[in-house]
Amino acid sequence: MEIKTCGKAIDSLLEKVLCMNILSSDYFKELYRLKTYHEVVDEIYNQVDHVEPWMTGNCRGPSTAFCLLYKFFTMKLTVKQMHGLLKHEDSPYIRAIGFLYLRYVADTKTLWNWFEPYVKDEEEFSPESHGRMTTMGAYVRDLLLGQVRLSASCS
């Protein structure tokens, strides 16, 4: 069963400049080789070290996290797959991308049901590239309250 979405087209979920940069990036084009949910999860595990939209440094291209998030947008994740992301034990970035997916794609009326079990989650990670640590629960609360800068979303 697919996740109940807000109904927006994929190309309108992210701000236009970010979306265009993702679609034209060499890294995103390499992701065409990934055909399954599990392959994308493995790629997140191996490549993602923050969940900001843009890479840091001089090139300022789209981050690997947002390229992989967009790849998930194209796959239309199921409820079972989403539970797999949110409960994943190998990497907090896999979980964070799951929460980002929901924040961008899910019907806003369903967000609390998805996020509520995790608002007190104590797993620590660094969502930003500069390494400041936070808990997954704080990150989830910030996503719900709009404290994480989203370039667009269903709300």
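Q: Why are H5 and H6 called oblique to each other?
A: In this predicted model, the axes of H5 and H6 cross at roughly 135° and come within 7 Å. An angle of 65 to 115 degrees would count as roughly perpendicular and one over 145 as roughly antiparallel, with the rest, apart from those under 35, counted as oblique; H5 and H6 are therefore oblique to each other.

Q: Which residues of H5 meet which residues of H6, and how do they divide by class?
A: From H5 come Met82, Leu85 and Leu86, and these meet Ile94, Arg95, Gly98, Phe99, Tyr101 and Leu102 in H6. The residues of this contact divide into seven nonpolar, one polar and one charged. Gly counts as polar and Arg as charged under the classes used here.

Q: What makes H6 a helix that is largely enclosed by the rest of the structure?
A: A residue counts as buried when its relative accessible area is under 20%, and 14 of the 14 residues of H6 are buried, so this helix is largely enclosed by the rest of the structure.

Q: How does the reach of H6 compare with what is expected at 1.5 Å a residue?
A: Helix H6, residues 92-105, has 14 residues and reaches 20 Å from its first C-alpha to its last, which is close to the 20 Å expected. At the start of H6, a side-chain oxygen of Ser91 reaches to within 3.1 Å of the backbone nitrogen of Tyr93, and the cut-off for a polar contact is 3.5 Å.

Q: Why is H1 described by its particular direction relative to H4?
A: The axes of helix H1 (residues 16-24) and helix H4 (residues 64-75) come within 10 Å and cross at roughly 85°. That makes H1 roughly perpendicular to H4, as the range for this description is 65 to 115 degrees. In the contact itself, Leu18, Cys19, Ile22 and Leu23 in H1 meet Phe66, Cys67 and Tyr70 in H4. By class, the contact of H1 with H4 has seven nonpolar residues, with no polar and no charged ones.

Q: How do you know whether H4 is largely enclosed by the rest of the structure?
A: Nine of the twelve residues of H4 are buried, so H4 is largely enclosed by the rest of the structure. The buried residues are Ala65, Phe66, Cys67, Leu68, Leu69, Tyr70, Lys71, Phe72 and Phe73, and they pack against H1, helix H2 (26-30), H3, helix H5 (79-86) and H6. As for its reach, H4 spans 17 Å from its first C-alpha to its last, close to the 16 Å expected at 1.5 Å a residue.

Q: Is Lys76 buried, partly exposed or exposed, and why?
A: Its relative accessible area is 49%. Buried requires a value under 20% and exposed a value over 50%, so Lys76 is partly exposed.

Q: Why is Phe28 called buried?
A: Phe28 lies in helix H2, and at 4% relative accessibility Phe28 counts as buried, since the cut-off is under 20%. Leaving aside its neighbours within four places in sequence, Phe28 is in contact with Ile22, Leu23, Cys67, Tyr70 and Lys71.

Q: How do you know that Glu43 is buried, and what is Glu43 in contact with?
A: The place of Glu43 is in helix H3, residues 37-47. With a relative accessible area of 10%, Glu43 is buried, because the limit is under 20%. Leaving aside its neighbours within four places in sequence, Glu43 is in contact with Tyr27, Leu31, Arg33, Leu34, Val48 and Leu68.

Q: Why do Thr134 and Glu122 receive the labels they have?
A: Thr134, which lies in strand E2, counts as buried at 16% relative accessibility, whereas Glu122 is exposed, with a relative accessible area of 61%; the cut-offs are under 20% for buried and over 50% for exposed. The place of Glu122 is in the loop between helix H7 (111-115) and strand E1 (124-125).

Note on methods. Residues numbered from 1 in each chain as written. Predicted model: local features only at pLDDT ≥ 70, side-chain atom pairs only at ≥ 80, totals over all residues. Heavy atoms only, no water. Axes fitted to C-alpha atoms, helices over the stretch in contact; angles between N-to-C directions. Helix = DSSP H or I, 4+ residues; strand = E, 2+ residues; numbered from the N terminus. Contact = heavy atoms within 4.5 Å. Buried < 20%, exposed > 50% of the residue type's maximum accessible area, 1.4 Å probe, protein only. Expected span 1.5 Å × (residues − 1). Polar contact = N/O pair within 3.5 Å; in protein donor to acceptor, adjacent residues only side chain to side chain.
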